[in-house]
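Trainee: I am new to this structure. Please take me through a few parts of it, one question at a time.

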Amino acid sequence: MRVAGRTMMKRGRLGLLAALVLPMLVPGAHAQTAATAAPDIPAYIKSDVKALEPKIVAWRRDIHQHPELGNRETRTAKLVADHLKKLGMEVQTGVAHTGVVAVLKGAKPGPVVALRADMDALPVTEQVDLPFASKVKSTYNGQDVGVMHACGHDGHVAILMGVAELLAKRKGELRGTVKFIFQPAEEGPPEGEEGGAELMIKEGVLTKDPKPDAIFGLHLFSAGRAGTLSYRSGPAMAAADSFHIKVKGRQTHGAYPWAGTDPIVTASQIVTGLQTIVSRNVELIKEPAVVSVGAIHSGVRNNIIPDSAEMIGTIRTFDPAMREQIHRRIKEIAENIAESQGATAEVKIELGYPVTDNNPDLTAWAAPVLEKVAGAANVTIGPKAGGAEDFSYFQQKIPGFYFWVGSTGPEVPLDKAPSNHSPLFKVDEASLLTGAEALAAVTVAYLNSH
């Protein structure tokens, strides 16, 4: 899951990574859409997941100790591919640089369902005291960085490896086909490279036979207790775009400001003007939105009014029309304020991930399955989340359902749990079993009921 739009991540502004605070769950809410009766879940799923617990935990710890950045997940990909080959699957490697795709054909006819796990880590130096803590160092966009699975992707890979083994073992009872997608670079590829879900789709992961009818994905998150699940129908996570504004003034001595055009004053007025977009321009009772300036850079001395000032920021939206409106207003406000000050403003907006939009029908069908897995009291509807996910690209092509798995243990108050992307992010490994059971259950139930 990404906190910032592409430009922000490409610039490697690591201070932004710790700013993510995932939403707390809405208690006691279990029916956002008109859910139907839950399909039967085979009893073997719970027992098989429990039997796989040592393997799932060992995989997760191994991957956690050896994290790899986006488009560089070679060790992780080999671990995954070797495991899937041992299970007798058709395995394709090198998809979108380091991605792995495998196909499991059940003994009985049925639909095709895709399951996705993201493999990449973050440029974060781990501060958790674990025997398998990451000590890995690397380079990210020209900066020396620590590398850590600070967003739970190590758990996602281990969960899907476990589900793959479970389903392969039950191949003789399985209806239809399962396509396993182990995806690189969800957090964004290195600067100047393509990657992630968008590139996997471009390379045919959803159009090459077997073509999936639906796709499922999950995410560990620290704002939920281990053993709980959360979901939301429709727009669940924001579209994340970034903007860059360059204000061009005219340099002069700081003692004689009237002899030039001050880009810092102009930029400050633009920052203030941008705040009116959300507060005064967009229909907030329809959908929330965020426009945040993350950095301003200008000048080198105390007594020089510089020639220019630059600012970067992020835009979060849940509605396509509102997204376009905000982009337009950023440009209008920046250019008009600059003109009023005798300066100019150049505005560039880079599109990031689109809205993670859970298919309403698929969500209504899946919610009772999650309740059967975790118990109705442990399945809740989460509020919209400002973070972004490139699972959204898959959902633009086929119906998709994306849900959250609580990952904080009982010893930590939820309001004190370090957030995803924090160097202190920690996963209670009981959540791995909940995630594996839920993912296996929705897969088998979908194949049996569609």
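Mentor: Helices and strands here are DSSP runs, numbered from the N terminus. The model is a predicted one.

Trainee: Where is the place of Ala259?

Mentor: Strand β11 covers 252–253, and helix α6 is the other element to look for. Ala259 sits between the two, in the loop from β11 to α6.

Trainee: Is Ala259 buried, partly exposed or exposed?

Mentor: Its relative accessible area is 36%. Buried would need a value under 20%, and exposed one over 50%. Ala259 is therefore partly exposed.

Trainee: Which residues is Ala259 in contact with, leaving aside its neighbours within four places in sequence?

Mentor: Contact needs heavy atoms within 4.5 Å. With those neighbours left aside, the partners of Ala259 are Arg250 and Thr252.

Trainee: How far apart in space are Ala259 and Ile305, C-alpha to C-alpha?

Mentor: In sequence, 46 residues separate Ala259 and Ile305. In space, their C-alpha atoms are apart by 9.9 Å.

Trainee: Which are the edge strands of the open sheet of four strands?

Mentor: The strand order is β12-β14-β10-β15, and the pairing is antiparallel. An edge strand of this sheet pairs on one side only. That holds for β12 (289–298) and β15 (344–350).

Trainee: Over how many bridges do β10 and β14 pair?

Mentor: Strand β10 spans residues 239–248 and strand β14 residues 308–317. Lys246 stands opposite Glu310 in β14. The antiparallel pairing of β10 and β14 runs over ten bridges.

Trainee: Which strands of the sheet does helix α7 touch?

Mentor: Helix α7 is made of residues 320–340 and packs on the sheet. Its direction makes about 160 degrees with that of β15.

Trainee: What is the handedness of the crossing of α2 and α10?

Mentor: The residues that meet include Val49 and Ile56 in α2, and Ala436 and Ala440 in α10. The crossing of α2 and α10 is right-handed.

Trainee: By class, how many charged residues has the contact of α2 with α10?

Mentor: Among the residues that meet are Lys46 and Arg60 in α2 and Glu437 in α10. The contact has eleven nonpolar residues and no polar ones. Its charged residues number five.

Key. Residues are numbered from 1 along each chain as its sequence is written. This is a predicted model: local features need pLDDT of at least 70, side-chain atom pairs count only at pLDDT 80 or more; totals for chains, interfaces and linings use all residues. Side-chain values use heavy atoms; hydrogens and water are left out. Two strands pair if DSSP finds at least two bridges between them. Axes are lines fitted to C-alpha atoms, for helices over the stretch in contact, and angles run from 0 to 180 degrees between N-to-C directions. A crossing is left-handed if the near helix is turned anticlockwise from the far one by less than a right angle, and right-handed if clockwise. Ala, Val, Leu, Ile, Met, Phe, Trp, Tyr, Cys and Pro count as nonpolar, Asp, Glu, Lys and Arg as charged, and the others, Gly among them, as polar. Buried means under 20% relative accessible area, exposed over 50%, partly exposed in between (1.4 Å probe, protein chains only).
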